[in-house]
Amino acid sequence: MRTNPRTRTLGVLTAAVLALSACGTPGSGGGQAESDPTSAAGGAPACEPVAGETLVVLEDDLGLQNADNVIPAINAQAAADHPQVVELLDAVSAALDTDRLIELNRAVDVERRTPTEVAAQFVTDESLESPDASVGSGTSLTVGAANFSESITLAEIYAQVLRSAGFDAQAQTIGARETYLPALQSGEIAVVPEYAATLVTYLNAEVNGADAPSVASSDVEETVTALEPLAEESGLVVGAASAAQDQNAFAVTAEFAAEHELTTLSDLAATCGEVVLAGPPECPERPFCQIGLEETYGLSVGEFKSYDFALIGQAVRQGDAAVGLVTSSDGSLATRD
C-alpha cells in the first residue's frame, strides 16, 4: 500500500517499510470507540491487543485479496526476437516466493544494502546465471522499474540475469505505471517486474473501459489466464508468475498469534468476538480492508484506529491494535519457518 504504480483498490497510500519508531501515545492514531468485551455473535470474547516486536501475517485462507504475484512483463517484439529473455526471467520467477521477497526487502529497506548488491547475492545464491554467456551478445535491453525499492531490486535481478547471458542489460527507474507502461509497449524498455492482479486490472480498464467487470481474483492461475490476452492486445508478453506476492495482508504480533493459536484469518474470526483494527483512514469503507474482513470472514471490528500507512505496523507492535493492514512482502515481517 504505497504511492506507486501498483495502485490498490484500497486507495493510494504512502510508501514505506513498516515504521520501527514509536508513533505517539496509545490511540493517538484515532478511533476512540469503546469495545464490548464479548461479541453478540456466539458470545466469543473480544481479543485484546498483545504487544510484541515481531509481526506475522495471517493467511488469507478465503481469498479476500487479489493475487498480486510478481510477474515479468515483456515487450512483445523483444520477446519474439529474443525468446531466451522469457526463459531467463521465468527462472527468476521460479526462485521467488513471498518469504524470499520479504528477505530482499529487508536487506534493502531495513539493513540499508543497495538493490544492486542484494540482487547480485540473490542471483548467486539461486544459481540464476545463464549457462550460455553469449546468447544475448550485441543486444541492448533496458529493464524498467517503478519508483519504489522492491521494484528496483527486482529490476536489478532481471538485469543481472540477462547480463549473465550476454545481453547489455541495464536497470532504470522510470516512475509510475502511467509512465513506464507506454515505454514498455513502444519498446523503449524491454521488461518490467509487474504484479499480476494490478496489471490485469490496469490493462482491462485500458482495453475494455474503466467500468469493465473485474477479471482479477485471488487465484493466480485464473488471474494470469485473464491477463495473457489483454497483454497480447497491449503489445506485451507476460512470463511465468512467481509465488511471491506483494498485496494487502493483515498482521498481528507473534505473541498474539501464539496466545490465540492463530494462523489464518478464519482462525481470527472464529476465536475473537471483536478486535481493534489499525488501518489507513479509508479502510472502513474499502472491500479489501474492514468491509472484507467483516463480510468475507465474519470478523467483528469493535474499534477502528486510523493511522498513516507507515505507522500501522508499529501501532500493532506496541499494542494499540490487535490487527493491522500491511503489505505481504514488507521487509519488517517475520518469514515462515
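**Entry 1: the cysteines**

I began with C47, which counts as buried because its relative accessibility is 4%, and the cut-off for buried is under 20%. I note here that the model I am reading is a predicted one. I then looked for the partner of C47 and found a disulfide to C272, with an S to S distance of 2.0 Å. The link of C47 and C272 is left-handed, with -95° about the S-S bond. C47 sits in the segment before β1 and C272 in the loop between α10 (265–271) and β8, so the pair ties together parts that are 225 residues apart in sequence. I checked C272 as well, and at 2% relative accessibility C272 also counts as buried.

I reminded myself that a disulfide is a covalent bond between the sulfur atoms of two cysteines. I counted two disulfides in total, and the other one is formed by C283 and C289, whose sulfur atoms are 1.9 Å apart. This link, too, is left-handed, with -85° about the S-S bond. C283 is buried at 0% relative accessibility, and C289 is buried with a relative accessible area of 0%. Counting bonded cysteines along the chain, I wrote the pattern down as 1-2, 3-4.

**Entry 2: the sheet**

Next I turned to β1, and I asked myself in what order the strands of its sheet stand. I found an open sheet of five strands in the order β1-β7-β10-β8-β9, with mixed pairing. β1 (55–57) and β9 (301–306) stand at the edges with a single partner strand each, so one side of each has no neighbour in the sheet. From one strand to the next, the twist averages 35°. I followed β1 to its partner β7 (residues 248–253), to which β1 is joined by three bridges, and the two run antiparallel; in this pairing L55 stands opposite T253 of β7. I also saw that helix α11 (residues 290–297) lies across β7, β8 (275–279) and β9, and that α11 runs at about 160° to β9.

**Entry 3: helix α6**

Last, I asked which residues are buried in helix α6 (residues 177–186). I listed R177, Y180, L181, A183 and L184. Seen down the axis of α6, these buried residues fall within an arc of 165°, so they line one face of the helix. This reminded me that an α-helix has 3.6 residues a turn, so residues three or four places apart point the same way. I then looked at what covers the buried residues of α6, and I found among the covering elements β2 (70–75), β5 (191–195), α7 (196–208) and β6 (236–238). Just after α6, I noted that G187 takes a positive phi of about 95°.

Technical notes. Residues numbered from 1 in each chain as written. Predicted model: local features only at pLDDT ≥ 70, side-chain atom pairs only at ≥ 80, totals over all residues. Heavy atoms only, no water. Pairing = 2+ DSSP bridges. Helix = DSSP H or I, 4+ residues; strand = E, 2+ residues; numbered from the N terminus. Axes fitted to C-alpha atoms, helices over the stretch in contact; angles between N-to-C directions. Contact = heavy atoms within 4.5 Å. Buried < 20%, exposed > 50% of the residue type's maximum accessible area, 1.4 Å probe, protein only. Arc of directions from axis to C-beta. Disulfide = S-S within 2.5 Å.
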